Amino acid sequence: MFNPNELFTRLSEKHPAVLLVDDDANILDTAKDILEEAGYDVSTASNGAEAIVLLEKKAFNVVVVDFQLPDTTGLELARKVREHNDFTLVVLITGHASLEMAVKAIQEAVYDYLIKPVDPSQLKRTLERALEKQTLVLENKQLLEDLKKANTTMGRMDTLKSRMLTVMSHDLKTPLSSIRGYSELLKSGVKGRLSENQKKMVEITIQEADHLNGLIGDLLDLANIDAGQLNLDLRVTRFEEILDKANQRVRLVSEMKEIPVEIILGSDLPMVEVDVPRMTQVISNLLRSSLKYAARGSRVMVNAIEKDGRVDVRISHGGQGFAADKLKSIFAVLKGGDEPQGAQDGLRITLALAREMVQAHGGEIGVESRGEDQGSTFWIKLPKMKV
């Protein structure tokens, strides 16, 4: 079977190949002259056997064949044409038209049929329409092939990305464990007493190591979410427990910037069913972000209440905020959204992970702000545990 690209090349060069098959020499000569003058590359055959020989040597865009040949029928030859090239179109010429003929032509996937005597202008119009259809079919085929190649490439890239993240997480976590371990050793005083300032510095090192370890986990979670492989370890807990753990993770940052975190809880907060470590990471990330952009000497407020059958959490600060046109894209920073001006390590991982993780728990997440330098409020709504 011939490569369909040969047909497409001839179409692009405006020199399509046509095979005329008829046992009437006068018809062949006349049609050949007409089509060659119109720019076609024309070959001729007087019977089915000659046509088969030519079909084995060359790919034709269109085959124009008489219905009745000395050694076969035009319909039988149409079958042979499809065996050589699925994309070659067949135009049948017949001396008599009938419903039966039309049905047979359709059954054999004949593009069109003409009635003798064939008018030259009608023949050229039929071939033009046939080639237009062929062009669309071949272009569509090429687009599908390009799409398959692109999908294959993307699949390989996703696999490579997953492997890279796995290796990276291992390679980063190993030295992080050493950093944390040695810091804990220094903090214990085994290697000598530390001053209060030195202890504070070691504690900050430990907390930042924990934060970086959490970011590595966030990256892996994002990769798993993207691959549809995120597994949540759900358990029933009090939401206060998550807030307490998250607050402890940012305690040193809060003290260093002199920005207290004030938590106000509604009475009788319902129990929630969540992946505790992951939801704790989400809340601590949002607290850390709020502390980063809050003004020194201000405070970060956390309010958690039950509302409309859900736990409604709001984390607010009065420092740097967002312009109205930035709010819609703030949780899409991984796909080109914006970060607050002056960000250092950015909110990319933090906000992307928060959005995906909250949604994975069946919740909602958003941000509100009255404008730049007017503070902002991150809010999360989680379903309470079903009784």
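Thr 73 is partly exposed, with a relative accessible area of 27%, in this predicted model. You'll find Thr 73 in the loop between β3 and α4. Its C-alpha sits 7.9 Å from that of Gly 48, although 25 residues separate the two in sequence.

**Helix against helix: α3 and α4**
- The axes of α3 (residues 48-57) and α4 (residues 74-84) come within 10 Å and cross at roughly 10 degrees.
- With angles under 35 degrees counting as roughly parallel, that crossing makes α3 roughly parallel to α4.

- Five strands make an open sheet in the order β2-β1-β3-β4-β5, and the pairing is parallel.
- β2 (41-45) and β5 (112-115) are at the edges with a single partner strand each, so one side of each has no neighbour in the sheet.
- From one strand to the next, the twist averages 20 degrees.
- β4 (residues 89-94) pairs with β5 in the parallel sense over 4 bridges.
- Thr 94 has Ile 115 of β5 as its bridge partner.
- α3 packs on the sheet too, touching β1 (17-21), β2 and β3 (62-66).
- The direction of α3 makes about 140 degrees with that of β2.

**An enclosed helix: α10**
- α10 (residues 276-293) has 18 residues and reaches 26 Å from first C-alpha to last, close to the 26 Å expected at 1.5 Å a residue.
- Of those 18 residues, 16 are buried, so α10 is largely enclosed by the rest of the structure.

- Most residues other than glycine have a negative phi, and most peptide bonds are trans.
- Lys 116 and Pro 117 are joined by a cis peptide bond, with omega about -10 degrees.
- Pro 117 belongs to the loop between β5 and α6 (120-188).
- Glu 258 isn't a glycine, yet its phi is positive at about 55 degrees.
- Glu 258 sits in the loop between α9 (251-256) and β7 (261-265), and it is exposed, with a relative accessible area of 54%.
- Asp 268 has a positive phi as well, near 55 degrees.
- The loop between β7 and β8 (271-274) holds Asp 268, which counts as exposed at 70% relative accessibility.

Notes. Residues numbered from 1 in each chain as written. Predicted model: local features only at pLDDT ≥ 70, side-chain atom pairs only at ≥ 80, totals over all residues. Heavy atoms only, no water. Axes fitted to C-alpha atoms, helices over the stretch in contact; angles between N-to-C directions. Helix = DSSP H or I, 4+ residues; strand = E, 2+ residues; numbered from the N terminus. Parallel < 35°, antiparallel > 145°, perpendicular 65-115°, else oblique. Pairing = 2+ DSSP bridges. Contact = heavy atoms within 4.5 Å. Expected span 1.5 Å × (residues − 1). Buried < 20%, exposed > 50% of the residue type's maximum accessible area, 1.4 Å probe, protein only.
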